[in-house]
Amino acid sequence: MSEVTTEEPSHPIAIYFWVWGLLFVLSAMSYMVDYVQFQGYLRWSLILLFMFLKAGLIIAVFMHMRYERLALTCAILIPMGCLLVLIGLMSFEANHIYDTRGAYLDAAPGIMLVDESEKLH
Amino acid sequence: MSNETVVDEAGRPIEIVEGLPGVVADWSSDQRVFKRVPWGKAMMWFFLLSDTFIFSIFLTSYMTVRMTTTVPWPNTSEVFALTVFGNHIPLILIAIMTFILISSSGTMAMAVKFGYEKKRKITTFLILATALFGASFVGMQVFEWSKLIVEEGIRPWGNPMGAAQFGSSFFMITGFHGFHVSVGVILLLIVARKVWTGDLENRRPGFFTGRKGGYEIVEIVGLYWHFVDLVWVFIFAFFYLW
């Protein structure tokens, strides 16, 4: 029987160099997205892809989440799902505000009205 | 499933269950929840969870003002461009800052590893290297802020390039992140000293709380540091690149 606060098993140093290198490559790739001026959905999906890959590597390896007790992993990662609700609700509302601003009060009058009417026909 | 039994500090036996049944066992054991996880580490994770919510709220409000404004958003690629030796390079300072922060995360992860192996010299060196990377990051941020304020005329309430909300979002988000980095550098220096003087190795009581800590403290401050890097990943994607 060992002490409850046994020290972490040691990981080979190679994995940290690998992740370090991968993070460099992924950062360079997300910088290139701007450098070569990709636009629209291609730009947004590439930014999100590289962002989630980087975040995943940092959390899983650097922060040792993959070696952690499953109970702790669940307690930390599951509550973050609430943020999706927040983001969803706020973007839903933001679209509505943008539409009403365009329709009623902006300095550039009628921006949204024109766009919306074009969409309808 | 290999069930293992360990004893806690009071000598009581604790069964360690792995996998999904382990989640149930951990939560329902009527004892400390996360078996074999130092309490300080669990608490740091909970702090980071709450900090995640703070930064997410900042980024979500940035999303909201950017989606609602009918004035064009300033082109970050141009706003953050620098002219280096006559070459106009978009976003270059931000890219350098990103690489520096990632490098600091790399040295920190290795410091944690060598800390658990009780290699005092290399652990101290790696923590100090991390702190140095962090301090240079803050220095570059000071340069970036002063350039934006003095040369570009960007204010929290307006700017010459477009939507007024650009300045308030930028100063709020990067300012709060820079504050986290600065606090992290101070924490790293304190922990580096603890490692160097052997306070952790000999489990001497800390000067502030009087609690005894071992090398898990290096991992705990490392968690904070990686989180700061993690937040930057999201700021880089959503504020600078989007």
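Author: Chain B is divided into domain 1 (1-36) and domain 2 (37-241), with bounds that come from an automatic or database domain assignment. Taken over C-alpha atoms, the centres of these two domains of chain B are separated by 35 Å. The model is predicted: local features need pLDDT of at least 70 and side-chain atom pairs count only at pLDDT 80 or more, whereas totals for chains, interfaces and linings use all residues. Residues are numbered from 1 along each chain as its sequence is written, while chains are lettered from A and ligands numbered from 1 in the order in which they are written.

Helix α2 (residues 39-68) of chain B packs with helix α6 (residues 165-197) of chain B at an angle of about 170°, their axes lying 10 Å apart. Here helices (H or I, at least four residues) are DSSP runs, numbered from the N terminus, and axes are lines fitted to C-alpha atoms over the stretch in contact, with angles running from 0 to 180 degrees between N-to-C directions. The two helices α2(B) and α6(B) are therefore roughly antiparallel, a term for angles over 145 degrees. On the side of α2(B), the contact is made by B:Phe58, B:Leu59, B:Tyr62, B:Val65 and B:Arg66; contact requires C-beta atoms, placed from the backbone, within 7 Å. From α6(B) come B:Gln165, B:Ser169, B:Met172, B:Ile173 and B:Phe176. By class, the contact of α2(B) with α6(B) holds seven nonpolar, two polar and one charged residues (Ala, Val, Leu, Ile, Met, Phe, Trp, Tyr, Cys and Pro are nonpolar, Asp, Glu, Lys and Arg charged, and the others, Gly among them, polar).

Another helix of chain B, α7 (residues 216-241), contains B:Ala237. B:Ala237 is buried, because 23 other C-beta atoms lie within 10 Å (the term requires 20 or more such atoms). Leaving aside neighbours within four places in sequence, B:Ala237 is in contact with A:Ser30, A:Ile47, A:Met51 and B:Trp242.

The contact between the chains takes 51 residues from chain A and 52 residues from chain B. On the side of chain A that touches chain B, α1, α2, α3 (70-77) and α4 (81-104) each supply at least two residues. The largest share of that side, eleven residues, comes from α4(A). The residues of this side of chain A divide into 33 nonpolar, ten polar and eight charged.

Technical notes
Angles under 35 degrees count as roughly parallel, over 145 as roughly antiparallel, 65 to 115 as roughly perpendicular and the rest as oblique. Two residues are in contact if their C-beta atoms, placed from the backbone, lie within 7 Å. A residue is buried if 20 or more other C-beta atoms lie within 10 Å of its own, exposed if 12 or fewer, and partly exposed in between; C-beta atoms are placed from the backbone.
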